[in-house]
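Visitor: I would like to learn how to read the features of a protein model in order, beginning with the sheet and ending with the side chains. Could you take me through one?

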Amino acid sequence: MRVLVVQNYDNTGLGQVGAALAEAGAELDLRRPYQGDPLPRDANGHDAMVVLGGGQNALADDDYPYFPALLELTRDFAGKDRSVLGICLGGQLVARAFGADNHIGGAVEFGWCGVSLTAEAKHDPVLGALPERFPIFQWHDDTFDLPEKAVRLAGNDVAANQAFRIGRAVYGFQFHFEADRPLVRDWSTSFAALIAERHPDWTGKLDYEMASNGPHADAAGLAIARAWVATI
């Protein structure tokens, strides 16, 4: 199992997705195109692709000129029935790749927030075993419309489209299910100045929020990660 991992921003990581891939014995091919790494021309050398998040928006082609090639690569993976996972910015890019509009701003969430599954999610191979509602880590300002052929799987009051599936195994997630408590703590340190500017009470809330929501969120996130890896 060879999995392409597209990192779009410094100090992001696979978190629980990495743990699930390691359990499956996957070989990872990490590309950082924002630092100049080339993207593969097509999906032929990989069994699946993970597209991670970032601080930029999904329409920032001028600053991240590899975005159009990444959209085309996403469609190639889907066309060859290979599993795709987009998280946060990655999910927004998957939505864009299949014709949906991205909405910049107006959907701010940060910290552990509740999401609810749709009726369709109960029969989904990745989300079907999850509770109907659970807390999960969020960090985004933007949102997106649902692609035309997508199945909506989760939402909340801030962003109606929190998770969707296209075809057999192309998944887009707005929420950071990969972000377990160690990763959240790492982000809270790595991005401390940015967080303090936007969410000045976070340092005082972190330990309480981590204790209150972390165990349930970590369990849900690892279950999602393992179930997606099983689609490869």
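Predicted model: local features only at pLDDT ≥ 70, side-chain atom pairs only at ≥ 80, totals over all residues.

Visitor: In what order do the strands of the open sheet lie, and which are the edge strands?

Guide: Strands of a sheet pair through backbone hydrogen bonds, in either the parallel or the antiparallel sense. The edge strands are S2 (27–31) and S7, each of which pairs on one side only. From one strand to the next the twist averages 25 degrees.

Visitor: Which helix packs on the sheet, and which strands does it touch?

Guide: Helix H2 (residues 67–79) packs on the sheet, where it touches strand S1 (2–6), strand S3 (48–51), strand S4 (83–87) and S11, and its direction makes about 145 degrees with that of S3.

Visitor: In which sense do S1 and S2 pair, parallel or antiparallel?

Guide: S1 and S2 pair in the parallel sense, over 5 bridges, and within this pairing Val3 stands opposite Leu28 in S2. Of the 5 residues of S1, 4 are buried, so this strand is largely enclosed by the rest of the structure.

Visitor: Which strands does S6 pair with, and over how many bridges?

Guide: Strand S6 (residues 109–117) pairs with strand S7 (residues 133–140) in the antiparallel sense over 8 bridges, and 2 bridges join S6 to strand S9 (residues 150–155), again with the strands running antiparallel. On the S7 side, Phe110 has Trp139 as its bridge partner, while the partner of Trp112 is Phe137. On the S9 side, the bridge partner of Leu117 is Ala154. S6 is also mostly covered, with 7 of its 9 residues buried.

Visitor: Which residues do ring pairs link into a cluster?

Guide: A pair of aromatic rings is described by the distance of the centres and the angle of the planes. The structure holds 19 aromatic pairs. Ring pairs link Tyr9, Phe110, Trp112, Phe137, Trp139, Trp187, Phe191 and Trp202 into a cluster, and among these are Phe110 with its bridge partner Trp139 and Trp112 with its bridge partner Phe137.

Visitor: Why is the pair of Tyr171 and Phe173 stacked?

Guide: The ring centres of Tyr171 and Phe173 lie 6.2 Å apart and the planes meet at 15 degrees, so the pair is stacked, the cut-off for that description being planes under 30 degrees apart. Tyr171 counts as buried because its relative accessibility is 0%, and Phe173, at 1% relative accessibility, counts as buried too.

Visitor: Where is Asp180 found, and what is the nearest side chain of opposite charge?

Guide: Asp180 is found in the loop between strand S11 (170–173) and helix H4 (181–190). Asp180 is buried yet has no salt bridge, and the nearest side chain of opposite charge, Arg181, is 7.5 Å away, whereas a salt bridge would need a side-chain nitrogen within 4 Å of a carboxyl oxygen.

Visitor: Which residues does Asp180 touch, leaving out those up to four places away in sequence?

Guide: With those set aside, Asp180 touches Gln16 and Asp218. Asp218 is found in helix H6 (residues 202–229) and counts as buried because its relative accessibility is 11%. Beyond its own neighbours within four places in sequence, Asp218 is in contact with Gln16, Ala179, Asp180 and Arg181.

How values were computed. Residues numbered from 1 in each chain as written. Heavy atoms only, no water. Buried < 20%, exposed > 50% of the residue type's maximum accessible area, 1.4 Å probe, protein only. Lys, Arg positive; Asp, Glu negative; His and termini not counted. Contact = heavy atoms within 4.5 Å. Pairing = 2+ DSSP bridges. Axes fitted to C-alpha atoms, helices over the stretch in contact; angles between N-to-C directions. Phe/Tyr/Trp six-rings, centres within 6.5 Å; stacked < 30°, edge-to-face > 60°.
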